[in-house]
Amino acid sequence: MLRIYKITIFLLICFSCYLQPAEATINAEYLNSFSTEDGELLTVSNLKFSYSIDGITVVTNATSVPSYARWATLSSFKLNSGAMAEAKNFRFMYSLDSVNIVSDATSIPANAKWATLQSFSVSDGKGLSVSNFKFRYSSDGLNVIDNATKGSIPANVKWCTLESFRFGSGAGASANKFKFNTYFINSDPSLNISSPVSNQSFSSVPAYDTMNCFIKVYDPDAGDQITVIKYSIDTDLSTDLASAKNVLNIDPSLPRAAQNSSPGETFAFNIKPFNNYPALSDGPHTLFIYVQDDKGGVGTATVSFIADRTPPTLMGTLKQVVSKNSYVKLNFSASDPSSGVILEYYCAGLTGSGMNAVESPPIFLDSTQAAYGEGKLITGTVQATDPVGNSMTQPIKIKIDSSGATSPGSL
């Protein structure tokens, strides 16, 4: 009769969750228009704007700014006059973790914290010049600082815009009537992972190959909808969701009106990591989960997990040659990256169980029993299975040969 070695293995997984804090909806400003005048009929026209809604794509040469955006700025305009006035050399200021300056609006990163037109130059046949660029910004979304110089703007403000500048020329040029429009800064959804839980591993064996996920999601922007939940492994694709993988069986289904305060609504779904990543190696990995709202905001959380597709290794008395009417013992041990391996076996009437390594009590092979007579081969099978379904099978063979002519290696 045959029984199976059952090896229970407790693998360590370190789950670390990153929760991106949300904030209340913030009204931001951008310079939308201004007027000009001089003795040469100086006018301004063809104002264009640049912005990003989702932190992924930059829109340039737009004639207007949407009601929601990550950042927005005036990016170009034309001057017109009888003196051939011209505006050129537009330069832009933006911040990620520090304030940077670029000479093209297309070079502003989509995920910039804020961006604004910083300066430009002008010319005509009457000595037209521009100077005294000033800015306005808000550090908290509530209080506005006016008349700031470019060197005084902190990198971590909520928004910033060019506020004013001064024209000068022999023809008495001036710029005035600066007007500003507002937009809402689109906040990213926030998510917190409650499952998978800490200290969990996954394999490609059915019933052990699925991550049963539960996340809490909220978005502080009133009226936003949750439209996408996706994932990736080991590579952050928050700025390239088209390349991220779809989750399975989302409940409740999407799109779904977002709750606007913490802790948010629970979403349940499944991930089968080895379906989309068949070459995933054994060991630690990082799971990225993404939630996107209908305005393109993306929230990200990460979880560390262990992939385990390697069965345990069995060692011990798998093959023996014994004399008739002798005593036989079996002993086994298992090797696996985990601790707490449990062994159980049954072969030739011998049984045993224990942690990591076990040894059977001796059993007398009475040659008067047909099963134990001279020349008989006693067989069995040992199977080791870890907690995520990986298994290893080895044969057990005991040859009764009193002459000693049989070697264990030949069995």
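**Sheet order, a buried loop residue and salt bridges**

Student: In what order do the strands of the open sheet of 4 strands lie?

Tutor: This is a predicted model, in which local features need pLDDT of at least 70, side-chain atom pairs count only at pLDDT 80 or more, and totals for chains, interfaces and linings use all residues. Residues are numbered from 1 along each chain as its sequence is written, and side-chain values use heavy atoms, with hydrogens and water left out. Strands are DSSP runs (E, at least two residues) numbered from the N terminus, and two of them pair if DSSP finds at least two bridges between them. The pairing in this open sheet is antiparallel, and the order is S13-S15-S20-S18.

Student: Which are the edge strands?

Tutor: An edge strand pairs on one side only. S13 is joined to strand S15 (residues 211-218) by 5 bridges. The edge strands are S13 (190-195) and S18 (248-251).

Student: Which residue in S15 is the bridge partner of Ser195?

Tutor: S13 and S15 run antiparallel. In S15, the partner of Ser195 is Phe214.

Student: Is Ile153 buried or exposed?

Tutor: Ile153 sits in the loop between strand S10 (145-148) and strand S11 (159-168). Contact means heavy atoms within 4.5 Å; not counting residues up to four places away in sequence, Ile153 touches Met93, Val99, Trp114, Phe135, Tyr137 and Cys160. Buried means under 20% relative accessible area, exposed over 50%, partly exposed in between (1.4 Å probe, protein chains only). At a relative accessible area of 7%, Ile153 is buried.

Student: How many residues apart in sequence are the parts that Arg136 and Glu163 tie together?

Tutor: A salt bridge is a side-chain nitrogen of Lys or Arg within 4 Å of a carboxyl oxygen of Asp or Glu, and the side chains of Arg136 and Glu163 form one at 3.4 Å, N to O. Arg136 lies in strand S9 (residues 129-138) and Glu163 in strand S11, so the pair ties together parts of the chain separated in sequence by 27 residues.

Student: What is the relative accessibility of Asp224, which meets Lys295 in a salt bridge?

Tutor: The N to O distance between Lys295 and Asp224 is 2.3 Å. Lys295 is buried, with a relative accessible area of 18%. Asp224 also counts as buried, and its value is 1%.

Student: Is Arg256 buried or partly exposed?

Tutor: Arg256 forms a salt bridge with Glu265, with the closest N and O atoms 2.7 Å apart. Glu265 counts as buried at 14% relative accessibility. Arg256, at 34%, counts as partly exposed.
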